Every structure is written in C-alpha cells, then in structure tokens.
Amino acid sequence: MVKFVKVIPIATKVGTVTIKYPYAKPLVTDSFRGAIEVNPSKCTGCGACTRICPPKALSMSIEGETAILRYFIGRCIFCGMCADVCPEKAIKITKEFELASEQVFDLYVDVEHEVVTCKRCGSKFVTSRLLNKVEQKLEEFPKELLYLCPRCRRIEMLSKQTYLR
Amino acid sequence: MEVQRQTNLETFSSKDLEKALQRIKKSIWVFHLNTGSCNGCDIEILDVLTPWFDVERFGIKLVASPRHADVVLLTGPITIKTLPRLVKALRAVPRPRLVLAIGSCAVGGNIWFNSYATLGGFPNIIDKLDELGIIIDKVVYVPGCPARPEAIIYGVAVMLNLIKQKSHYKKVKT
C-alpha cells in the first residue's frame, strides 16, 4: 500500500501522456516510409523494382496486349529499395500509412504499359517505352535487330555469321 | 440448446449483421491471435493498449478467451502448425465473427507468401473456413510491416464503419 502511494506524485508530475490520435496529427518524421507511388508518366517498365523487392510486392506480368506493373500494398514491407533502384526515379515514397481496407482487391495498384511484339515470332517481350529509351541510348545498334525478341535476335545474329563464312 | 444454436447459424442474415454491428459500435473486446508472427505486430498491438495510445478510451479491451471476443486480432502468415489452433479459436468466437488481419504477413504473406510452411495470409483460407462452417462476417486488412499503432486504430474504425476507407483499386495507363 505504501509503495503504491509513491506512484501518485510521479503521476501528477508527468501528467497525461495519451495522444489524441484521431483528432491530433500522428507523429510522422521526415525519414518515415509509407506506401510507394509509381509515377506512370516516368515509369518505363524495366522491371528493376520487381527484382529488388524482397517480398515481391511489385510484380511484372504480360496480360493480353499490355504489360502490367502490379503493386500489392498488402505484401509491401515499406523498405524503399524500389525507390533507390529505379533508374527513372519514377517511384516516390509517400507518408501514407492509413491503408486499412475491407477487400484485398482494394490494396492493388496497377500500371499498364504498351507492349512491343516481335516482328518474327509475334511474341510480346518488352514495353515500347523501354525499347524507345534503349534506341536513344544505342545509336549504332542495327534497327532491324531491335524489334526482335531475344531468342529471334540470337538466331538472326548466328545465321548472319554463318552466311558470311 | 443444440437446435437453437443451429437455427441461429442459419438465420444470421445480413440484416442481423447490421444490427449486431450497430450494437457493438460503442465498445469492442478483442482477442489477440498469433499465427506464427515475428512478434513485431504483437508488440505494436501492445503499444496500442498502453497509456500512450490508450484504446480503452474507445472501450476497446483485450480479453483472454475467444468466447468473450467481438474482434479477433490476427497476426502472422498462418503457418501449417498453427492452422488447427486457428480453426479452433475462430470456431469459439460468437457471431458476428469479425477479424482484423494485422500486418503484411496476415494480409499477403509478406516474404513467406510462397513458402511450403505457411498458407500465405488470411485471404487464402477464408473459403476453406466457410466450408468448415466458420463464416467470417467481416474482415479488415491492415497492411504494414509492422502496422503502426495509428494504422491499427484506423483499421478498427474502418471495421466499425466509423470512417470510409481511403485505399481503392487503381489502374493507370502510361
């Protein structure tokens, strides 16, 4: 009983510590990392973020006529490695953390990209924006090889060499 | 008693759910269920119950038995070993059965989504639970690794229909 009385002056000195969360702003510092945001005007669809993502919250898949960069917030661990690795700086870390939802479906964010089809075999292999970027960077690259998928390109290169000999 | 319980199960319609939700708007009792979590989310749940966040001002109280609980706080990616215990605990919860899946493990499986030892999150087993006769009336997913205490309070508010959820499915074209 006597020990308990000791607490009373300490408690009066400290006062109320409870934060009024729903009415007051939560503590969010500058270094806080929340959900990421992909800028669709900058993203080329190279897939560097999907490779670095530890839980594979970002995934790239070709569905029909489009390539989709899918971001599943429910699996994201908010590490921010995708923003570090993005060559176009298209991924921005926001401070959003109030992400609760009733459906899992609401936690998905899709970014659609146009796809280039291979001129020989007709398979879809890369986003058109990434291809344009590579075209700008490699000036001496033969144009006819650019629109072939990696497998057809290999066959084309080999057949050329064998023909010359 | 047996007959009454069965009829109660069958006749629990959406209207009854609404009524029940209105009734528990004032104060909810929560039961903490760990299904193979790394303890990060569990510590955040403890944070919520401390005087700093003090959820007892909303009437939220931690109880020791699922029979007394309104809401189950589920953490962890549901490992194979914990699955029988999870089913047992959820069966003991009275209707309406509300589940708050906390943390990215419970929502999407986190880095264990593809593992042989886990089921990869709560959404994967809802259908199986339905087959077993354990109907989950409402689930709210709270992402975060670990989920912030504020995010958990926000999730409870979404569950009780006090606020509308912010996140929606987005599809953007380049």
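This is a predicted model: local features need pLDDT of at least 70, side-chain atom pairs count only at pLDDT 80 or more; totals for chains, interfaces and linings use all residues.
**Figure 1. Overall form of chain A.** Chain A contains 7 helices and 6 strands. Read from the N terminus, these elements follow the order α-α-β-α-β-β-α-β-β-β-α-α-α. The C-alpha trace spans about 100 × 30 × 30 Å along its principal axes. The radius of gyration of chain A is 26 Å, whereas a compact globule of 165 residues would have a value near 15 Å. Of the 165 residues in chain A, 24% are buried. Among contacts in chain A between residues at least 6 apart in sequence, 69% connect residues at least 24 apart.

**Figure 2. Helix α2 of chain A and the glycine that follows it.** Helix α2 of chain A covers residues 7-14 and is hardly covered. The number of buried residues among its 8 residues is 0. Just after α2(A) comes G15(A), which takes a positive phi of about 80°.

Figure 3. Strand β5(A) pairs with strand β6 of chain A, residues 124-127, in the antiparallel sense. The pairing extends over 3 bridges. Within it, T117(A) stands opposite K124(A) of β6(A). The hairpin has 6 residues between the strands, and G122(A) takes a positive phi near 80° there. In a regular strand, side chains alternate between the two faces of the sheet.

**Figure 4. N132(A) in helix α5.** N132(A) belongs to helix α5 of chain A, which comprises residues 128-137. This residue counts as partly exposed because 13 other C-beta atoms lie within 10 Å, a count that falls between the limit of 12 or fewer for exposed and that of 20 or more for buried. N132(A) and L146(A) are 14 residues apart along the chain, and their C-alpha atoms are separated by 9.7 Å.

**Figure 5. The contact between chains A and B.** Chain A supplies 34 residues to the contact, and chain B supplies 36 residues. On the side of chain A that touches chain B, strand β5 (residues 108-117) gives the most, with 6 residues. The residues on this side of chain A comprise 22 nonpolar, 5 polar and 7 charged. Across the contact, β5(A) pairs with strand β6 of chain B (residues 170-173) in the parallel sense, over 4 bridges. One pair to locate is D110(A), whose bridge partner in β6(B) is K171(B). For the complex, the predictor gives an ipTM of 0.84 and a pTM of 0.86.

**Figure 6. The open sheet of chain B.** Five strands of chain B form an open sheet in the order β2-β1-β3-β4-β5, with parallel pairing. Strands β2 (61-63) and β5 (138-142) of chain B stand at the edges; each has a single partner strand, so one side of each lacks a neighbour in the sheet. On average, neighbouring strands of this sheet are turned by 30° against each other, direction ignored. Strand β1 of chain B (residues 29-34) pairs with β2(B) in the parallel sense over 3 bridges. In this pairing, V30(B) stands opposite L62(B) in β2(B). Helix α3 of chain B (residues 40-49) packs on the sheet and touches β1, β2, β3 (71-75) and β4 (98-102) of chain B. The direction of this helix makes about 140° with that of β3(B). The mean pLDDT of chain B is 86, and 94% of its residues reach 70 or more.

**Figure 7. Two cis peptide bonds in chain B.** R95(B) and P96(B) are joined by a cis peptide bond with an omega of about -5°. P96(B) is located in the loop between α4 (83-92) and β4 of chain B. A cis peptide bond also joins C145(B) and P146(B), where omega is about -10°. P146(B) lies in the loop between β5 and α7 (149-159) of chain B.

**Figure 8. Two asparagines of chain B with positive phi.** N39(B) is not a glycine, yet its phi is positive, at about 85°. N39(B) occupies the loop between β1 and α3 of chain B. This residue counts as exposed because it has 12 C-beta neighbours inside 10 Å. N161(B), likewise a residue other than glycine, has a positive phi near 60°. N161(B) lies in the loop between α7 and β6 of chain B. With 13 C-beta neighbours inside 10 Å, N161(B) counts as partly exposed.

Notes: Residues are numbered from 1 along each chain as its sequence is written. Chains are lettered from A and ligands numbered from 1 in the order in which they are written. Helices (H or I, at least four residues) and strands (E, at least two) are DSSP runs, numbered from the N terminus. The radius of gyration is taken over C-alpha atoms; the globule rule is 2.2 Å times the number of residues to the power 0.38. Two residues are in contact if their C-beta atoms, placed from the backbone, lie within 7 Å. Ala, Val, Leu, Ile, Met, Phe, Trp, Tyr, Cys and Pro count as nonpolar, Asp, Glu, Lys and Arg as charged, and the others, Gly among them, as polar. Two strands pair if DSSP finds at least two bridges between them. Axes are lines fitted to C-alpha atoms, for helices over the stretch in contact, and angles run from 0 to 180 degrees between N-to-C directions. pLDDT is the predictor's confidence in each residue, from 0 to 100.
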